[in-house]
Amino acid sequence: MAPIRNRVGRRAADPRRTVVLATVIALAAAVALGSVLLDTVTKTRASVAYVANSIRVPLAELQAAYQADDRGEAYLAQAAADTGAARNSNLSQSIYAAEAATKAWTGYRAAALGLPGESKLAARYSSDYLAGEKVTSALLVGILRSDAPGVLPSSQVLAAQTDRQDLLALIGLYQQRSAAELARLGGQLRTAHLRLLLGGMAALVVLVMAGVAGYRSARQVVADRRKLKAAADLDEFETRLIRALEYADDETTALRVGGDAIHRAAPDAAVAVLSFDADTGAAGAVAGGSACSVSQSSACPAIKSGSALQFPDSTALDACPSLAGASPCSVTCVPVSIAGAPGAVIQTTGSVAEAPVLDAHSSVISRRLGDRVTLLRAFAQVRREASIDPLTGLSNRRTLKAAMHQLNLSRGTYSVAFADLDHFKALNDQYGHEAGDRALRTFSATVLETLRPDDLSCRWGGEEFVMVLPGCEKAAAVEVMERLRGRLAELSATAEHPISVSIGVTEAAQGEAFDEVVARADAALRVAKDSGRDRVVGWSSHDLAVQDLAGQAPTDAAGKGAGLTQVG
C-alpha cells in the first residue's frame, strides 16, 4: 500500500476569532440600541396620553383573537396527527377557534383607535390572514382525504406564525400605550431611565457570558474538526486496505497485507501474523516473527476471547502463558474472525509498558481481513467441490481434462490407464449400493496410495477410472498398474466383499489428442475384460508383437495379435 495522504485541505481559520469579533459587534449594537430606546421613551410620553382610557376594548379584542388563533392552530396540528373520530373532533374545535378569532378581529376593527402605524399593521394582518386561509383550506382537504397520521407542513406552520406575529405587533402597539403604563410614565421617567441603564449593564454581562460560551463552543468546533479529520483518514485507510486485499488471491497474501496494514497503523511496533489451521487448529507464522510460542488455537487467549488483548509486560503474572519464553516486551494481539470464528491473530510487539495503541485501525483491519480470508476460503471450497468427486475424493472428468490441456501444451510424454471394477453391477445388485460405494472408496484409496504425487487420477464415471502418468512410458505404466491391481487383490483377500479391477494402459504419441489416447486405453481395457478380467493389458500402436509377461499371449476376437501387453 502507498503511504497514507491527508485528504483534509488547507487549514481553516480559527473560529474563535470570529466569535470574539461577533461579541464586540453585538456589544456595540446593544449600546446603540439602548440610546435609541432612551430617546424613544422620552419622546413618547406626551404623544400617547390621550389613549389611556380608550385602549382597553381593542386591546382585549386583539388578545382574544390571538388566543383563538393559537388555540385553532394547536387543534389543527393534533387533527393532522390523529385519525378517525379524534381527527374529526379536533378539526371541529379548530374551525370553532377560527370563527372566534374572526369575531374578535371584527370587534377590534370596530373599536380601533387609529394609533400611529396601526393601519399598516392591521392591513398586513388581513393580507397574511387571507394567504394563510388558502394554505389552511388546502391542508384541510388533504387531511380529510388521508387516513394516515401526519404532521403540519411547514407552509401552514409558517403562515400561522406570521398571523400571530402580526397580532402580537398590534397588541404590543396597544400595550405600549396602555393607560397604566402612560400614567406611570409621567412620574417614573427617571426610574425608567435608571432601569434602562441597568438593563444595558445586564445586557453587557450577558454579552460577556455569551462571548465566553461562544469561545468554548469554538474550541469544541476545533475538536470536532479534528475528529472529522481522523475519521476521514480512517476512511481513506480502510479504502486502501480494501483495495490491497482485493489484490490478494490467496489466504497467505491476504494475511501479509493485514500485517502490513497494522505496521502502518503502528509503525514503531514489530508485527507478526499467526494463522491457525481450520481443521487441526495448528498455528503457523505467515509474516514476521512471533513473540509467543503458541502452537494451537485452543491455547491462544485472544482466539478464545474473540477480542483484542494487550499485555503491557510479558513477564507479568497475568501475561499470556505463551509469552513466558520471550524477552521482556509488550504485546497486543488482535484476533481475525474467519467464517464467523477466530482463525488468525495479528500480533504487535513493543517495549515494556508501551503497548502499541491501534485504536480504531485494529477493528477495521481485523474486520476487513477476516472478510477477505472468509471470501477466499469460500472460493477455494467452491473450486474444490467443483473439481473433486465427492464419493471417492478423486478428481472428476472435467478437472482431469483441464489438467490434460495444460499437459498437452507442455508437449510432455505420458501414459493413460483406463480401469474398470470387475462385476461391479453384480456387487451392487447382490449386496446393495453401500457395498458398491465401499468398493469405489477402497479402489480410490489404493490409487492414491500407489501413484506418484504428480500423477493424475479421476473417476471417469460409474465404476470407471482414468489415470494419467506424466513422463512415464507404457512399460513402466503397466508395472505401476500391476502394483495397483496386486495391492487391491491383497486388500480384497480379507474384505467382506472382494473386488478386482481390469486395466487398459497405453502411451500417448507426440501431439496426439487426449480423447484418442483414452479411447485406445479403453480398447485395451475391453481386451482385459474379454481375457478374463483382473488383469492389466498394455496397448501400443507401434508394437507389432504381443508379449504376455505371464507366459500367455492374448488375442483379439479374430485370434490375431493386437499390439497388446498383458499382465495378470
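Residues are numbered from 1 along each chain as its sequence is written, and side-chain values use heavy atoms, with hydrogens and water left out. Since the model is predicted, local features need pLDDT of at least 70 and side-chain atom pairs count only at pLDDT 80 or more, while totals for chains, interfaces and linings use all residues.

Let me begin with the helices, which are DSSP runs of H or I with at least four residues, numbered from the N terminus. Helix α2, residues 56-81, and helix α3, residues 84-111, have axes that come within 7 Å and cross at roughly 160°, where the axes are lines fitted to C-alpha atoms over the stretch in contact and angles run from 0 to 180 degrees between N-to-C directions. Angles over 145 degrees count as roughly antiparallel, and α2 and α3 are therefore roughly antiparallel to each other. The residues of their contact divide into 18 nonpolar, six polar and four charged, with Asp, Glu, Lys and Arg counted as charged, Ala, Val, Leu, Ile, Met, Phe, Trp, Tyr, Cys and Pro as nonpolar, and the others, Gly among them, as polar.

With a disulfide taken as a pair of cysteine sulfur atoms within 2.5 Å, the count comes to zero.

Finally, R520 lies in helix α15, residues 514-530, and counts as buried at 12% relative accessibility. Leaving aside neighbours within four places in sequence, R520 is in contact (heavy atoms within 4.5 Å) with T506, E507, A508, A509, E512 and W539.

Terms used
Helix = DSSP H or I, 4+ residues; strand = E, 2+ residues; numbered from the N terminus. Parallel < 35°, antiparallel > 145°, perpendicular 65-115°, else oblique. Buried < 20%, exposed > 50% of the residue type's maximum accessible area, 1.4 Å probe, protein only.
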